Amino acid sequence: MSRFKAIEDVWAFLNDIPMFQKSGFSAVNFSLGNIREFCSELGNPHLDFPVIHVAGTNGKGTTCYMLEKIYQDAGYKTGLFTSPHLLRYNERVRVGGEEISDESMLEFFQISDELFDKIGLSYFEISTALAFWHFSKQEIELAFIETGLGGRFDSTNIVDPEISVITSIGLDHQNILGNTVEEIALEKSGIIKTNKPLVIGNVEGKAVRVIEREAQKKQVKITYADALEPKWEKGIVSFKTLGVNIPTPLKESVNRWNVACAWQVCKLLTSLFPVSDEAFIQSIKTFPGAPGRFEKLHPHYDWYFSGSHNIQALDASLEAVREITPLKDAVLIFSAMKDKLSSDMLNRLKPFKMRYFVEQEGERAAKMKDVASALEVILMDKKNAQIILKELKTELVIFAGSFYFYPIVKRWITKVQ
């Protein structure tokens with residue numbers, strides 16, 4: 001008899017597994033052996049549908065959400081796998097824009113019950129296997145799979161993609177992926193598959209040379225996003241080489257690269273899954289952005305959440321703030337993981353007129369003492385959050401830092417009238 005009788009048993013099981021959010025390095029499995037064996041026992045569901053596999057330091061999630069919308073609008077049955085989840089676990093796995101139901105999750109865990117004892121999977125590996133199983137069962141036409149961490153040993157890397165995409169390379173997770181952009185580029189390049197096309201986004205210098213070298217070894221044709229010469233002007237993305245202009249509701253100029261990556265993917269997929277230029281442009285015009293990426297949080301107040309958890313992402317967010325108002329006129333409320341904090345990051349936050357810091361739970365979370373020596377901040381917590389937020393109703397407020405901060409912010413904001 002299965003130990004999973006109700007969805008509550010699933011949540012209890014998952015909560016007992018170390019998560020990267022709280023445990024960091026120790027929650028990661030640097031081998032594809034277990035996930036391969038597990039999926040083999042399930043009948044290799046990851047080989048039942050075409051995949052676009054997307055890696056990158058920043059932009060990979062947004063690009064996946066963007067592609068999901070384009071192909072869904074075009075009438076295809078899509079699957080989307082992303083991480084981390086922001087509010088609930090089910091967000092990680094979507095078919096046709098709908099999150100996986102508790103009933104489907106329970107079925108997967110009941111089917112896999114004995115396998116969990118036979119093959120030990122990490123938290124992320126379980127999420128990956130669940131997505132593959134669900135997509136196969138739902139008979140999707142096309143899946144967009146975001147890597148979790150790196151690429152080479154990421155549990156998603158057992159797929160055989162139609163196209164691989166590397167959106168950007170920056171310094172992030174150095175304790176796991178390497179201390180230089182070249183080392184990180186090499187890890188991300190692990191998703192490149194022999195004779196399968198590769199799209200490269202906002203990558204240059206030493207990092208792009210590493211990727212090109214790995215692609216050459218595997219006889220891979222590279223398509224570059226910068227061949228389109230993507231430009232940004234107050235929400236309008238233009239491809240200079242094509243004379244194409246695409247209005248968007250997006251706020252961050254870095255999105256020109258995500259749109260360019262999506263365009264190149266669509267062109268490469270034309271023979272299998274055609275999408276017209278007009279349909280592409282219409283989808284991007286109505287694309288609200290990925291959750292937590294400079295997302296407007298309140299209908300009446302200028303409050304935004306930006307999951308800017310590394311320098312590259314933070315710079316993009318600060319540029320977006322400056323397009324609205326000078327930093328000296330904006331308020332910052334931020335939270336971060338300890339391993340993401342750096343003097344460079346904290347220095348960038350100094351121009352805000354007011355800065356609040358929120359401590360999260362868990363070993364990885366930065367605490368007040370990690371920040372206060374370098375930056376003047378006011379501690380904000382559940383005791384004073386409502387008082388502070390009421391005082392900030394007329395201000396431009398940026399909630400920034402870790403994606404794990406998102407559910408805390410959402411809870412607080414629902415209480416603000």
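Reader: Is Trp-133 buried or exposed?

Author: Buried means under 20% relative accessible area, exposed over 50%, and partly exposed in between (1.4 Å probe, protein chains only). Trp-133 has a relative accessible area of 9%, so it is buried. This is a predicted model, where local features need pLDDT of at least 70 and side-chain atom pairs count only at pLDDT 80 or more, while totals for chains, interfaces and linings use all residues. Residues are numbered from 1 along each chain as its sequence is written, and side-chain values use heavy atoms, leaving out hydrogens and water.

Reader: What does the protein average in pLDDT?

Author: pLDDT is the predictor's confidence in each residue, from 0 to 100. The protein averages 91, and 95% of the residues score at least 70. Over residues 23–27 the pLDDT is below 50. That stretch has 12 contacts (heavy atoms within 4.5 Å) beyond near neighbours in sequence.

Reader: How many aromatic pairs does the structure hold?

Author: A pair of aromatic rings is described by the distance of the centres and the angle of the planes. Rings of Phe, Tyr and Trp (its six-membered ring) pair if their centres lie within 6.5 Å; planes under 30 degrees apart are stacked, over 60 edge-to-face, the rest tilted. The structure holds 25 such pairs. One of them, Phe-108 with Trp-133, is tilted: 5.5 Å centre to centre, 50° between the planes.

Reader: Which parts does that pair tie together?

Author: Helices (H or I, at least four residues) and strands (E, at least two) are DSSP runs, numbered from the N terminus. Phe-108 lies in helix 5 and Trp-133 in helix 6, so the pair ties together parts 25 residues apart in sequence. Phe-108 counts as buried, at 0% relative accessibility. Phe-305 and Tyr-406 are edge-to-face because their planes stand at 90°, with centres 5.1 Å apart.

Reader: What is the strand order in the open sheet of eight strands?

Author: Strands of a sheet pair through backbone hydrogen bonds, either parallel or antiparallel. Two strands pair if DSSP finds at least two bridges between them. Here the order is 4-3-2-5-1-6-7-8, with mixed pairing. Strands 4 and 8 are the edges, each pairing on one side only. Strands 1 and 6 pair in the parallel sense over four bridges.

Reader: Where is Thr-248?

Author: Thr-248 sits in the loop between strand 11 and helix 10. Thr-248 counts as buried, at 13% relative accessibility. Its side chain reaches the backbone oxygen of Gly-235 at 2.8 Å.

Notes:
Polar contact = N/O pair within 3.5 Å; in protein donor to acceptor, adjacent residues only side chain to side chain.
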